[in-house]
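Okay, thanks for coming, everyone.

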Amino acid sequence: MNLSRRGFFKLTGASFAAGALAELFGPSNAFAADEVPEMRIAGATESTSICCYCGVGCGMVLSVKDGELINLEGDPDHPINRGALCSKGNAQFNIRNVYDPETGELMLNPARTTKVKYRAPGADAFEEKDWDWAIEEIAKRIKATRDATYETVDENGVTVNRCNGIAQLGGAALDGEEAYMLSKFARALGVVWIDHQARI
Amino acid sequence: MAETAILYDSSKCTACKGCQVACKQWNQLPSPLTNDEYTYTESFQAPLDLAPNTWLIINFREEDKEVGIDWNFMRNSCFHCTEAACEMACPVGAISHKENGAVVIDQDKCIGCRYCVASCPFDVPRWDEAKNKTFKCWQCFDRTSAGREPACVSSCHTAALQFGDRAEMLAIARERVDQLKAAGYDKAEMYGEKELGGLHTIVVAHRGLEAHGLIRDPKIGLTDFWQFLKPLGGLGIAATVAGLGLSYFMARGYNRGEYSYDEKTDTLTVKEVEK
Amino acid sequence: MTNHWTDLQNSDVIMINGSNAAENHPISMKWVQVAKDRGAKVIVVDPRFTRSAAVADLYVPIRTGSDMAYYGGLFNHIFTNKLYHEDYLKTHTNASYIVKSTYSFDDGIFSGFDAEKKSYDPSQWAYEIAEEIPWDTSPTGAYAWVNKPGTPAFTPLVNKKAKKDPTLQDPNCVFQLMKKHYERYTPEVVSQITGIPQDLLIESYELYASTGQPGKAGVIMYAMGQTQHSYGSQNCRAMSVLQLLLGNIGVAGGGVDALRGESNVQGSTDMGLLFGNLPGYLNLPNATAHKNIAEYIEKETQYAGWWTNRPKYLVSMLKEWYGDYATVENDYAFDMVPKFSGKPHSHIHMFQEMETGSIEGLMLWGQNPAVGGPNCSQERRAMEKLKWMVAVDLWETETAIFWKAPGADTPAIDTEVFLLPAACHYEKQGEIANSGRWIQWRYKAVEPPGECKDDAEIISEIYLKLKELYEAEGGANPEQITKLNWDYLDDNGHIDITKVAKGINGYTIADGKALASFANLQADGSTACGVWIYTGYFANNDAPSDPAQQKTGSRDNVDKPLDEGMPAVGSYLGWSFAWPLNRRVIYNRCSCDATGKPYNEEKALVKWNGEKWLRGDVPDFGFQVVAGDVTTPTPPDKTLSFMMTNETVGKLFASGMKEGPFPEHYEPFESPVQNQLSSQQTNPAVSLVASAAETMSTPDEFPIVMTTFRLTEHWQTGGLTRNLPWLVETMPKMFVEISKELAEEQGIVSGDNVVIENKRGVITAYAMVTGRVKPMEIGGKTVHQIAAPWHWGYGSTCSIGGMANDLTPNVGDANTHIPEYKSFLVNIRKQEV
């Protein structure tokens, strides 16, 4: 993604002159006498996003080096938050990565689920499966339930074309396009037990 | 060059702890990964104290009232003193002032002696036993060098935290105190203008210093610090380290105070700095 | 939100009531602080002293569940002291409308109540009609489109004009009826009900009512503290009515601002993920009311205002869903959309039904009802009846592992569970809509870890597999699945989100070009559009696959008005796209008087200059008519104040509510006191399922009032926070806030483990003894309130704890069926060691 095209700020000192802080300091480099440590995000690829928590919609900037997320902070250009984030917003980095308390090394958050898991009837643990198996098996379950619980015409003779045996919850944590797909997908199965976080 | 400072205005702080997490995020500070490693703090303040991996916390203090409470918040982190006890105490020159006033520990030089820990009037530096090094806020010197605000400041939404030219921060603080007094906060005070030669974290304490847990008229306790050393390592070690420390002070021509060390009584005395 | 976040800076008085903005929407306080710097005052009304209260000018402690009494008292204060905005009331509301004499109110009950069915006949609350005007469907008429070939046949509607008394003196006009209704809400009575000392009550009333002066603006920031009650919708009505009385809707710095608790809960609702809604707030067909498309259109289309266009949005949505298969001959595949029975299918009802075993499968997309649902141990038990569950999430949520919840008989639970690993928000791309309706794009920063996939890809893979199965094997109504338009794939068969975006935005079928405005949508099958209110967000045909060149991705953060000569008021029209049509403050016609003169010139949103409308924001009232090359400005007396209502004005009196046209105070389902305003204790139309009725906890056994809340440091059911070490460190353990007085009575000190229980469950938590909660004197009786966050559960390695929702009742609001999480009864005691 070409960030400069979107008028995005650069994170190096030299080109920061356009930012709000530069006005505070004036154009001269006030820190020349000290040995200046390089910021760890220098040279990283940046992209913008919006926070996943509340409905304020704060902007954030993510820095990626060697394909890995190394920094996440508020987007200084965003009109709502102007670079700020709350504790949750700042912690979004942890959704993917944490620092190992023993070594201090960056690592994937060990709580993150990264494999397809299946729990068989009565089992006391998940087992790992692959995607192809899971999609096939899930489609079979949906079809079996749909076919068994489908109602074409109700007791008054009205065409209802609904599936009474499947329920769906969720969507507020998804992107809008995904939520739209979900809405359309579930209705195309005939599902009427549809609700999500907005209700509760 | 101009000195810079962080300004913390308690009257604008919502205690969201954005700064607290932003500090950990930018400075790559780990937190424990398992449930059993955490304890209940009996407060919204968590963790209760600074630590080698926690360089900034928001303190919460409650004063009960007939309707509601006074909930007094305070940013607890390094004040970056001009007369920095930690710097004076460091026997190996690992702690230094940057020209903007930030007080920074050079981890390559730190030997983990904890003199800084003992000497700080604000109880800020924290020693990591496993690494045998001491850690604290460095005012994100890498960011400020690149013209950016420290992570905590850039994360603050209400401008309870600001960063810039120290004189300007003082002017803003002074004006804010006047505003707050006019609005009925008659105990509102500014902190950091003169304390310890001038701090590089200025505070507007809208309910007064004590309500926010600030130490009125802080002193460098080097004498106390020396007393602390004796039980730590015995005379031999203390003397050795003292040699390092004193030679460091002398070599550096530290000009913010006068020191004398009496080997017979094993005490270091410090002349008060004139204000 | 009628307004938006950066608009809070324009307020003169901000009332944070039923929300805790500083903790749950922290960055909103940036703009509250800007308003305060301008001299604005902040009132916080809350049972608990919160971090919002800590920065408020006035903190008003209220007994949980007594909001309606507080508002009723405020209405009475406004009427008694004539603090209403009279010009606004006459110009922009139904204050002058005459109501039929069949309307009445007696001892907590309105006319038209059927005690057996526990429901009202709202026709008793209708207006006197002065004139009926059939739609003009002639070739030059406003409704000529009805006769265009391809438009589904239906009977055109008749516009009904109500009788009015512009002097507001007729005893049956809305103004007089309302004034009379709230006379009973005296400061003495309201203080007794709410527990708010009278002087403090009056002080808050005077401060907020000061925004009724023309040119002043007050805003209400609310959230679940208002909605999560068995009369939550009426609390929302009350806020709207209050804002109409004071002239605070449609103006900069005003509004009824719902602070949405999830980043895209506005957007997911826009997309039709509630049982009764299709995308764009089109109601789901109901087998009782809408047997066919004609009946749907006739009953769902309004006779006046913008919703007269509803058939265009329905047909365009059907064209997007079923593509070429949808034709006028088959009613645009209307029957392919499932019709529900008309009975509520809400969250509460879903889990009640699940107990019977009739629901075999449950699909979860990032939702965790095992912790988040009301009476959630009931929900976990209901899940044991499922044959299968598909949970798509980032973590092993409590729901995904409900079969090994504490107390579960794991070997006896036969449910198969598929847990699919999802990508997080910065590992994929797409838009989300914030509370201010800003549709903002999120770019993908990194590849998902391990085998994680985008939800979009997972939905698509399951859909395509099902399509394949139905094409090969047949089954129940295969066309419903196989004929669905799924033209969203790239060359490799993977989902291309930008193609979905185009479908949502809408396009002309003939040339496939994206449309810039929903005014272009047609009912004749020539346009397709998934979500009409989003039209324009992804409409740049020159770069159809580049979000950065679409309105949703625009990043112009300079604040400037649409037309020169208007003030810049923080609208940021160049940043992203706000639905509808990039409008930032909706109902903005109401910022001007009848002649088009702004009530506040400095913060004007629109303005009539004698010839045309000058626009600061995107106007919301049919400000001009474009016909061919001719643009005709609409004069101020022909514009619409509230274009989404049949009346085209704001409604102080509304016949669409389940429990009456004026909000009335009732006690929560579980309350320690009697209703002091009528003998009707609870909402007469409350939504009650069997498992809620059976577990009602009564004050003789459970005298302590409990409420639930959220924290800055955690979020919802905790999956996205209790697994993040940096957040756990900032708030590590589940706790309950207890007053010093109650703690002393019970011998509890901070740090003790306490047991909280009622008929629904038992939980433990750490005690936090604090002056932030205090006992209240209610009708001469001391009422203790305790409060606990609901973020904890058993499913994290980093932080686990008691589930507050094991205690909350699954009783719902009469209109929305939102559970009454915010007020219920419990007992508390120190845990024996």
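So, let's start in chain A, with strand E2, residues 59-65: 6 bridges tie it to E3(A), and the two run antiparallel. If you want one pair to look for on the screen, find Met60(A), which sits opposite Gly74(A) of E3(A). And before I go on, keep in mind that this is a predicted model.

Those two strands belong to an open sheet of 3 strands in chain A, in the order E1-E2-E3, with antiparallel pairing. Which strands are at the edges? Those are E1 (45-50) and E3 (68-74) of chain A, each pairing on one side only. Going from one strand to the next, the twist averages 30°.

Now, over to chain C. Chain C has 22 helices and 33 strands. Its C-alpha atoms fill a box of roughly 80 × 70 × 55 Å along the principal axes. How does the radius of gyration of chain C stand against that of a compact globule? For 833 residues a compact globule would come out near 28 Å, and chain C has 27 Å, so the two agree. Of those 833 residues, 64% count as buried. On contacts within chain C, take the ones between residues at least 6 apart in sequence: 70% of them join residues at least 24 apart.

Next, domains. The assignment for chain C gives domain 1 (5-80 + 198-258), domain 2 (273-341 + 479-547), domain 3 (347-473), domain 4 (588-638) and domain 5 (690-830). I'd like to pick out domains 2 and 3 of chain C, whose C-alpha centres are 26 Å apart. There, 9 residues of domain 2 of chain C make contact with 12 residues of domain 3 of chain C. On the domain 2 side, that's 7 nonpolar, 2 polar and no charged residues.

Last stop, where chains A and C meet. How many residues does each chain put in? Chain C brings 134 residues and chain A brings 107 residues. On the chain C side, the largest share is from helix H17 (residues 455-473) of chain C, with 9 residues. By class, that side of chain C has 72 nonpolar, 41 polar and 21 charged residues.

And there's strand pairing across the two chains as well: strand E6 (residues 116-119) of chain A and strand E16 (residues 416-421) of chain C run antiparallel, joined by 3 bridges. One to zoom in on is Lys117(A), whose bridge partner in E16(C) is Leu419(C).

Okay, that's my tour. Over to you.

Key: Residues numbered from 1 in each chain as written. Chains lettered and ligands numbered in written order. Predicted model: local features only at pLDDT ≥ 70, side-chain atom pairs only at ≥ 80, totals over all residues. Contact = placed C-beta atoms within 7 Å. Helix = DSSP H or I, 4+ residues; strand = E, 2+ residues; numbered from the N terminus. Nonpolar A, V, L, I, M, F, W, Y, C, P; charged D, E, K, R; others polar. Pairing = 2+ DSSP bridges. Domains from an automatic or database assignment. Rg over C-alpha atoms; globule rule 2.2 N^0.38 Å. Buried ≥ 20, exposed ≤ 12 C-beta atoms within 10 Å, placed from the backbone. Axes fitted to C-alpha atoms, helices over the stretch in contact; angles between N-to-C directions.
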